[in-house]
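Subject: Structure handover

Hi,

Here is the structure you asked for. My notes on the sheet and the cavity follow below.

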Amino acid sequence: MTTATTPAATWRHRHLIDVDVLTWPEFELIMRVSEEMKGILARPIRKVPALNGRRVTTLFYEASTRTRVSFEAAARNLSADVVSVSTATSSVTKGESLVDTVRTLEALGAEILVMRHAVSGAPYLAAEIFSGHVLNGGDGWHAHPTQALLDLYTMREKLGHDLRGKKVAIVGDILHSRVARSNIWSLTAAGADLWLCGPATLLRGMDRWAVAWSGGAIPGHGRFNVTSDVNAAVKDADVVMGLRIQRERMQGGLLPSLREYAARFGLTAERVALTKPGAIVMHPGPMNEGVEIAPDVAVSGRSVILDQVANGVAVRMALLYLLAGGHEATHVETVR
């Protein structure tokens, strides 16, 4: 953790593919700049010239609403020129490779490439050949760094900046979740006690993460637990996060039925009542209401799901700003 004697972090990364490359002071830097960006979003005119004249291109090989729109809103709020590429209407449909697409976009002026791809590791390939900056908007089962960062920001906003010892339960399709994998890094780095919960078939491989944590390969001082006992996971939790059942990635036999999953693992009002008073309910979206989360829970006073969406714009503004060299300014105020 950063202390009064720890020097402030400066941004040193050309790309952001996952949060596992970040030190805790760098997490704190992102949180601080995100807070400044949220202040900008609270103003009547929510726009600053920080990236005026810079070209941000979004390249999404998978469908997206929250991530794509918030990235585009974030870039426009910073006065960047935004180009949105839909692979469904691009030369990808004619067989153009990822490498050729990235090279073409660079030749057309792209400087920051925000990318989502169904194949784990695809952004690493793009980063090898792209001379600008690559920001991962989600790749396969691997990582979703900006979701983890906005989740961290939201938890700190609601529970206080010090998450050490806070119990965070993530319930759902852990196996296919890039959100869960990135959150493992960020939340253990923050010192939270992390519980991963779901059917045994959707927890495969998580024992290796637990071993890595116990061996020090994953940073943090909290506890790391993997369980199929949903009541144990949510009991006295400070945060409960539901994850979508990703039917598009799922092979047969992993779940008996969605109805049985909802009965055994769905976030119902009765299960949320087991959490601590003041606990919050989160979900990265999109939600399958009535499956992983009950409709009344999704809109309850405990839910901060829409706060996550709103905070995503501020956090993505911060990351675009930092990648574009904004760390050279002491405060965002200097570029307003």
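Strand E8 (residues 239–242) and E9 run parallel, joined by three bridges. Met241 has Met282 in E9 as its bridge partner. Strands pair if DSSP finds at least two bridges between them. Helices (H or I, at least four residues) and strands (E, at least two) are DSSP runs, numbered from the N terminus.

This is a predicted model: local features need pLDDT of at least 70, side-chain atom pairs count only at pLDDT 80 or more, and totals for chains, interfaces and linings use all residues. Residues are numbered from 1 along each chain as its sequence is written, and side-chain values use heavy atoms, without hydrogens and water.

E8 and E9 belong to an open sheet of five strands, ordered E7-E6-E5-E8-E9 with parallel pairing. Its edge strands are E7 (224–227) and E9 (280–282).

Now the cavity. The structure holds one of 30 Å³ or more. A cavity is a set of points on a 1 Å grid over the protein atoms alone, where a 1.4 Å probe fits but cannot get out; lining residues have an atom within 4 Å of a point. Points are joined across faces, edges and corners, and the volume is the space filled by probe spheres set on them.

The largest cavity has about 80 Å³ of space. Its lining includes Arg66, Gln147, His283 and Arg316. H12 gives the most, with five residues. Domain 1 (6–144 + 310–327) and domain 2 (147–306) both contribute to the lining, so the cavity lies between them. Those bounds come from an automatic or database domain assignment.

Best wishes

Terms used:
On a 1 Å grid over the protein atoms alone, a cavity is a set of points where a 1.4 Å probe fits but cannot get out, and a pocket is an open set with protein on both sides within 12 Å along at least five of seven lines; lining residues have an atom within 4 Å of a point.
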